[in-house]
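Please look through the sequence and the model shown here before reading on. The report after it is written for someone who wants to relate individual side chains to the overall fold.

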Amino acid sequence: ELGTELMHYGNYDYALEVFNNIIYTDPKWSEAWNKRATLFFLMKDYKSSLKDIDKVLGLEVRHFGALSGQARIYIKLKEYEKAILSLKKALEFYPSFRSGELIPEIEKIIKEQII
């Protein structure tokens, strides 16, 4: 809760310390990795965020929030096909997942790039 609150108020350095300590203490807790991935995303450190998302998905393959975050990073990186794959995986576990609505928009972007 403290790390999330710090992150919410923009105190990223302190939030990072909190999440690092939690991960050190309990490296098998997927939500700690996911929170740190979110923090890295907010810090625009997409590479570190993707690494943490991989760890989350290694611990909990059905973590649709991590899959959605992964898709958003791929969109930022303009890796649209990977974003679609992440969203489709999330939809497998959570069929009413609203982020799935992004798929047609991403497909449109891909088509426009081809033309």
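This is a predicted model: local features need pLDDT of at least 70, side-chain atom pairs count only at pLDDT 80 or more; totals for chains, interfaces and linings use all residues.

Residues are numbered from 1 along each chain as its sequence is written, and side-chain values use heavy atoms, with hydrogens and water left out.

## Overall fold

The secondary structure of the protein comes to 7 helices and 0 strands, where helices (H or I, at least four residues) and strands (E, at least two) are DSSP runs numbered from the N terminus. Read along the sequence, the pattern is accordingly α-α-α-α-α-α-α. The C-alpha trace spans about 50 × 25 × 20 Å along its principal axes. The radius of gyration of the protein is 15 Å, which agrees with the value near 13 Å that a compact globule of 115 residues would have; this radius is taken over C-alpha atoms, and the globule rule is 2.2 Å times the number of residues to the power 0.38.

Of the 115 residues in the protein, 37% are buried, a term that means under 20% relative accessible area, while exposed means over 50% and partly exposed lies in between (1.4 Å probe, protein chains only). The protein exposes about 7,600 Å², and carbon and sulfur atoms supply 54% of that area, with accessible areas coming from the Shrake-Rupley method with a 1.4 Å probe and only the protein chains shown counting as cover for residues. Among the contacts (heavy atoms within 4.5 Å) with a separation of 6 or more, residues 24 or more positions apart account for 40%.

The protein has 17 positive and 17 negative side chains, and the centres of the two sets lie 5 Å apart. In this count Lys and Arg are positive and Asp and Glu negative, with His and the chain ends not counted, and the place of a charge is taken as NZ of Lys, CZ of Arg, CG of Asp or CD of Glu.

## Salt bridges

A search of the whole structure finds 3 salt bridges, each defined as a side-chain nitrogen of Lys or Arg within 4 Å of a carboxyl oxygen of Asp or Glu.

| Salt bridge | N to O distance |
|---|---|
| Arg36 and Asp52 | 2.6 Å |
| Glu60 and Arg62 | 3.1 Å |
| Glu79 and Lys82 | 3.0 Å |

Val56, in helix α4, is buried at 0% relative accessibility. Leaving aside neighbours within four places in sequence, Val56 is in contact with Ser30, Trp33, Asn34, His63 and Ala66. Its C-alpha atom is separated by 20 Å from that of Pro95, which is 39 residues away along the chain.

Ser30 belongs to helix α3 and is buried at 15% relative accessibility. With neighbours within four places again set aside, Ser30 is in contact with Val56, Leu59, Glu60 and His63.

Lys35, also found in helix α3, is partly exposed at 26% relative accessible area. Not counting residues up to four places away in sequence, Lys35 touches Thr4, Met7 and Phe19. The C-alpha atoms of Lys35 and Ala66, 31 residues apart along the chain, are separated by 9.4 Å.

## Two loop lysines with positive phi

Lys44 has a positive phi of about 65 degrees although it is not a glycine, and its place is in the loop between α3 and α4, where Lys44 is exposed with a relative accessible area of 62%. Lys78 likewise is not a glycine but has a positive phi, of about 60 degrees; Lys78 sits in the loop between α5 (64-76) and α6 (80-93) and is exposed at 59% relative accessibility.
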